Amino acid sequence: MAASVLALAVALLLGASSRVDHGAAAAPVSEEGLQVTYGSTVKLMHEKTKVRLHSHDVAYGSGSGQQSVTGFPEIDDSNSYWVVRPTLDSSAKQGDAIETGSIIRLQHMRTRRWLHSHLHASPLSGNLEVSCFGGDGQSDTGDYWRCDCLQYVMHATYLIA
């Protein structure tokens, strides 16, 4: 099984916490007992570059032609929110904790499309393209990511069967 790794830190948790980010430097949440759950709304930040996973309703001009996904440096960007959802065949429900090794889907909050990966080359890096695809009634295994959660740092690995 080939795998593409997307390493991201949970930068902001809204569904699991009443904390609100008012522009202060984003950092992984460190409150004891706080868990990411299905239904949590999160901002995901690349650990090395500190950019947030961002999307809006603009399609790639090549590759898949699907909704583009990029990194965005601004903290207060409203297009960087993602909702953690279970897979289609899961019995998990909203509020259940995400455990290490869980297979999840990430839904872009504004456009309702799923974080998606496939075998198209990225137009900038040449690596595998990540896009947003589908919607509330349309999702497939290209939307499945495996979580390795360690101290509020989530590493999501895309599964290619």
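# Notebook: an all-strand chain

I began with secondary structure and counted zero helices and ten strands. I take helices (H or I, at least four residues) and strands (E, at least two) as DSSP runs, numbered from the N terminus. Read along the sequence, the pattern is β-β-β-β-β-β-β-β-β-β.

Ground rules next. This is a predicted model, so I kept local features to pLDDT of at least 70 and side-chain atom pairs to pLDDT 80 or more, while totals for chains, interfaces and linings use all residues. Residues are numbered from 1 along each chain as its sequence is written, and side-chain values use heavy atoms, with hydrogens and water left out.

**Burial and contacts**

I looked up burial for the whole chain. Buried residues account for 43% of the 161 residues. My cut-offs for relative accessible area are under 20% for buried, over 50% for exposed, and partly exposed in between (1.4 Å probe, protein chains only).

Then I checked contact range, with contact meaning heavy atoms within 4.5 Å. I took contacts between residues at least 6 apart in sequence; 62% of these join residues at least 24 apart.

**Nonpolar core**

Which residues of the largest nonpolar core touch the most other members? A nonpolar core here is a set of buried Ala, Val, Leu, Ile, Met, Phe, Trp, Tyr and Cys residues joined through side-chain atoms within 4.5 Å. The largest has 17 residues, and V69, W82, V84, I98, I104, L106 and L115 touch the most other members. I also asked where the core comes from: β2 (41–46), β5 (81–86), β6 (103–108), β8 (128–133) and β9 (145–150) each supply at least two residues. In soluble globular proteins, nonpolar side chains tend to be buried together.

**Cysteines**

I searched the whole structure for disulfides and found zero. The test was a pair of cysteine sulfur atoms within 2.5 Å. C132 is buried at 2% relative accessible area. C147 is buried too, at 0%.

**Rings and charges**

I looked for aromatic pairs and the count came to zero. The rule asks for rings of Phe, Tyr and Trp (its six-membered ring) with centres within 6.5 Å; planes under 30 degrees apart count as stacked, over 60 as edge-to-face and the rest as tilted.

Charges over rings did turn up. I require NZ of Lys or CZ of Arg within 6 Å of the ring centre and within 35 degrees of the ring normal. K43 lies over the face of Y81, 4.8 Å from the ring centre. R105 has its charged end over the ring of W114, at 3.9 Å from the centre.

**Salt bridges**

How many salt bridges does the whole structure hold? I found three, taking a side-chain nitrogen of Lys or Arg within 4 Å of a carboxyl oxygen of Asp or Glu.

One joins D57 and R113, 2.9 Å from N to O. D57 lies in strand β3 (residues 52–59) and R113 in the loop between β6 and β7 (114–121), so the pair ties together parts 56 residues apart in sequence. D57 is exposed at 56%, whereas R113 is partly exposed at 26%.

Another joins R112 and D136, at 3.1 Å from N to O. This pair also links distant parts of the chain: R112 is in the loop between β6 and β7, D136 in the loop between β8 and β9, and they are 24 residues apart. D136 is exposed at 55%. R112 is partly exposed at 31%.

The K93 and D96 side chains meet at 3.5 Å, N to O. K93 is exposed at 54%, and D96 is partly exposed at 27%.

K50 has phi near 65 degrees. K50 sits in the loop between β2 and β3 and is partly exposed at 46%.

Last, I looked at R85, which lies in strand β5. What does R85 touch, leaving aside neighbours within four places in sequence? I listed Y38, G39, Q94, I104, R105, Q107, R112 and W114.
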